[in-house]
Amino acid sequence: MAEKSLVERDQAIIWHPYTQMQNAAAPIPIVRGEGVFLYAEDGTKYLDAISSWWVNIHGHSHPYIAKKVSEQLSRLEHVIFAGFTHPGAVELAERLINILPKNQAKVFYSDNGSTAVEVALKMCFQFWTNQGIEKPKVLAFHNSYHGDTFGAMAVSARSAFTKPFDKFFFEVEFIDLPNHDNIEQLKNHISTIKSGISAFIFEPLVQGAGGMQMYEAHYLDQLIKHCRHENILTIADEVMTGFGRTGKLFASDHLTEKADLMCFSKGITGGTMALGVTTCTRDIYEAFLSDDKLKTLFHGHSFTANPIACASALASMDLLLEPETEQNLHRIESKHKDFATKIASHKKVKCIRQTGTILAIEWDTTGETSYFNGLRDTLYNFFLDQGIILRPLGNIIYIMPPYCMKNEDLDYTYAKIEEALERF
Ligand SMILES: *Cc1c(COP(=O)(O)O)cnc(C)c1O
């Protein structure tokens, strides 16, 4: 009897994320990764233009990260992080604090982006309740995405994805992204609703899952400053933007005003291991110091500060801080810019936007709304057929490459996008 294929075995037993299993296309079985390429079981090679769900920054199976992880594996694989510590966690915290905005003082580990956000929200709510102040609400942007656990979902835009759970969320005030026309109005609005608001959470400069919506640092600076004035804590969710994506190490490096808390995951380990980090100011940390045990932050995960995850984060940071990586960021940024200029006036391009290494192209679908849903699948399959993994968000396609993607691979991707613009 013929052995079952990997795909058949998968389909017999696995439930995939964000997938309607009833009519999902068969998953592509990937057996190997090297640099910007992923290799399928049948030998097909895919250019990973979305960094494997935005996590990979130095290419797949990077030999340096592999070596460091392997060394760590035979030294210490895991240790409980309550009451214990280990060298990797300490070194990573020290090196992170060293490259983060100066106001960040303390590092709290968890194990993914959503938990990094949960921790930040809990820190903010409890920062106030530890002082006897009730502020049960959060301020967030329309169109935001902060993760899939309940707190993270609550501060994310209400959408088809959150609909079955909407009734369970705590109260959130949503505001528009700031711009020249609405900034004063937004500030006034915040002042009128400020009571009861613990924190303002935002994705700095780029809203990822919301369709790579981008906005200017200058206006975010004004909102952060205004929130500080109104006693609202600020949380920069850098889960996607962190570690080079926006052309600087952190999107917050484009800002003059700094958030009180920051959230990281995705690129932090170079995309090798699951790790979450929430950092905060000394003020926030000190609001939890007390003889009263009830003022403790009661939060932790089994794999908090896992040594393997810390080892991959340290190795990834070594690579990130190499001059060559910075050159790559600039190189990709300027390649994107040239391509954006080239296609900006194409009739199918409704909007093209770029921040650092992220380039997003919005397809003009006016008058073709019935076509809209199909377009996403058409584009996704077209690029797969060309050996490129690009995963459109509706009518928006974006390139978010590992920083080692070569010019020829970028050029190939651009050429296929141009071809798609002509065809669909
Ligand atoms: C992906 C993402 C998250 C959630 O991270 P997970 O590791 O997928 O839970 C949170 N915030 C932002 C901005 C993200 O892009």
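Q: Is Glu-257 buried or exposed?
A: Glu-257 has a relative accessible area of 17%. This is a predicted model, where local features need pLDDT of at least 70, side-chain atom pairs count only at pLDDT 80 or more, and totals for chains, interfaces and linings use all residues. Residues are numbered from 1 along each chain as its sequence is written, and side-chain values use heavy atoms, with hydrogens and water left out. Buried means under 20% relative accessible area, exposed over 50%, and partly exposed in between (1.4 Å probe, protein chains only), so Glu-257 is buried.

Q: Which residue meets Glu-257 in a salt bridge?
A: A salt bridge here is a side-chain nitrogen of Lys or Arg within 4 Å of a carboxyl oxygen of Asp or Glu. For Glu-257 the N to O distance is 2.8 Å. The partner lies 29 residues away in helix α8 (residues 217-229), while Glu-257 sits in the loop between β10 (233-237) and β11 (261-264); helices (H or I, at least four residues) and strands (E, at least two) are DSSP runs numbered from the N terminus. That partner is Arg-228.

Q: How many residues apart are Arg-95 and Asp-318?
A: These two form a salt bridge, with their closest N and O atoms 2.9 Å apart, and Glu-91 joins them in a network. Arg-95 belongs to helix α4 (residues 87-99) and Asp-318 to helix α10 (residues 307-320), so the pair links distant parts of the chain. Their separation is 223 residues.

Q: How many salt bridges does the rule find across the interface of domain 1 and domain 2?
A: The domain assignment, automatic or from a database, gives domain 1 (6-61 + 325-423) and domain 2 (67-320). Their contact, meaning heavy atoms within 4.5 Å, takes 25 residues from each domain. The structure holds 16 salt bridges, but across this interface the number is zero.

Q: Which residues form a nonpolar patch on the surface with Tyr-18?
A: Tyr-18 lies in the loop between α1 (6-13) and β1 (30-34), and is partly exposed at 41% relative accessible area. Patches take residues with over 30% relative accessible area and no salt bridge, joining like charges within 9 Å and nonpolar side chains (Val, Leu, Ile, Met, Phe, Trp, Tyr) within 5 Å. The patch has about 360 Å² of accessible area together, by the Shrake-Rupley method with a 1.4 Å probe and, for residues, only the protein chains shown as cover.
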